[in-house]
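Dear colleague,

Here is the structure that I promised to hand over, together with some notes on what was found in it. Please keep it open beside this email while you read.

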Amino acid sequence: MNYRITGTGSCTPDIIKKNSDFLQNKFLDRDGSDIQSSNPEIIEKFKSITGITERRYASNEINCSDLATDAARSAIVDSKIDQETLDYIIVAHNAGDISCNGGQVDTLPSIASKVKAKLKIKNPNCVAYDILCGCPGWVEGMIQAKSFINSGMANKCLIIGCDTLSRILDENDRDSMIYADGSGATILEKDTSYDGGILSHKSATFTYEGENDFIFYGSSYDKDLRESNDQKFLKMNGRKVYEFALKNVPIAMKDCFDESKQNISSLKKIFIHQANQKMDEAIVSRFYRLYKTTPPDDVLPMNIQEYGNSSVATIPTLFDIVRKENYKGHKISKGDVIMFASVGAGMNVNAITYQV
């Protein structure tokens, strides 16, 4: 049985936030002390590591579920299905519908239920639910959808990755410059006549050595705000995440790819979570090193430079753009073998080998 992506969609917010927009921020260290480097120096170093020059933020009246609905509607139109025939709507995110400047995580009802309502789907047998799996959420949602189809419980699934991380940022934390908002969606269908689809997948969760503390909700670096307000913000131990990713993601990718029985020379594109340009390039380089070769120059499409890190949304957004627009010279054709791979809070790692 084959599991085929028949439609994709994405929603990128309109507000462009450039690196220069952070020049007036008061960046602080974790203990609340001033950082000795100037803001231009901080921002230039940030750009050299992450590759990011700008990112997208949702406007005040737009919530995560709105972005998710727009991406879903686009994927449904692209797939040419009747939305009433959907068996599952699976939405992966990190913080739900957070009102602008509110800081209150809202996941009740689920984003998936809100999307189903906004799409006006009548069928009660279309089951809608959310998953929390960090940045790998969309990939994990695809794996769950494939399992539903394989078990006979579903024929068509809508999988969405969405986040509005701009709503949970500490403006005193220089790491906050990495994050962005967005949403991407796919329709996965059963198609026994199709020669391709999901060939293999791999998932893992690491917690034993404290990995679940690498990305977390924490207090502001501003001491005054911390004392007057117990609001939590998205926090990251960047060095630990980098070391963890380089150690574990290439191995997971190889385990996944080996299971597909494909030759490494047949792998055309790797759609990896757009977390950090240097980190992603290093992961892919180490992955190919496990096969005693080097990555092709055109194997790694990236849009983090313009879109920032929108967490769960990065892979489905990039895949939709490349699939429809041949983004920055990257294109995919029928029969191409590609890979999706991600790492994030949990700490979770996963990958899928897919034949277009």
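Strand S12 is mostly covered, with eight of its eight residues buried, where buried means under 20% relative accessible area, exposed over 50% and partly exposed in between, computed with a 1.4 Å probe on protein chains only. Helices (H or I, at least four residues) and strands (E, at least two) are DSSP runs, numbered from the N terminus. Val337, Met339, Ala341 and Val343 point one way from S12, while Ile338, Phe340, Ser342 and Gly344 point the other way, and all are buried.

Please bear in mind that this is a predicted model, in which local features need pLDDT of at least 70 and side-chain atom pairs count only at pLDDT 80 or more, whereas totals for chains, interfaces and linings use all residues. Residues are numbered from 1 along each chain as its sequence is written, and side-chain values use heavy atoms, with hydrogens and water left out.

To return to S12, two strands are said to pair if DSSP finds at least two bridges between them. Strand S11 (residues 267-272) pairs with S12 in the parallel sense over five bridges, and there Phe271 has Phe340 of S12 as its bridge partner. With strand S13 (residues 348-355), S12 pairs in the antiparallel sense over eight bridges, and Ile338 stands opposite Tyr354 in S13. S12 and S13 form a hairpin with three residues between them, and Gly346 in this turn has a positive phi of about 150 degrees.

S4 pairs in the parallel sense with strand S5 (residues 127-131) over five bridges, and the bridge partner of Ile90 in S5 is Tyr129. Five bridges also join S4 to strand S6 (residues 156-164), again running parallel, with Ala92 opposite Gly161 in S6.

Next comes the largest pocket, which has a volume of about 1200 Å³. Of the 48 residues that line this pocket, the closest to its centre are Asp175, Ile178, Met236, Gly238 and Arg239. On a 1 Å grid over the protein atoms alone, a pocket is an open set of points where a 1.4 Å probe fits, with protein on both sides within 12 Å along at least five of seven lines, and lining residues have an atom within 4 Å of a point. Grid points are joined across faces, edges and corners, and the volume is the space filled by probe spheres set on the points. The elements that give two or more residues to the lining include helix H6 (238-260) and strand S12 (337-344), but H1 gives the most, with six residues.

Gln305 is found in helix H8 (residues 304-307), and Gln305 counts as buried because its relative accessibility is 18%. Leaving aside neighbours within four places in sequence, Gln305 is in contact (heavy atoms within 4.5 Å) with Gly51, Ile52, Thr53, Glu54, Gln277 and Lys328.

As for the whole chain, its secondary structure comes to nine helices and 13 strands, and 56% of its 356 residues count as buried. Along its principal axes the C-alpha trace spans about 60 × 50 × 40 Å.

With best wishes
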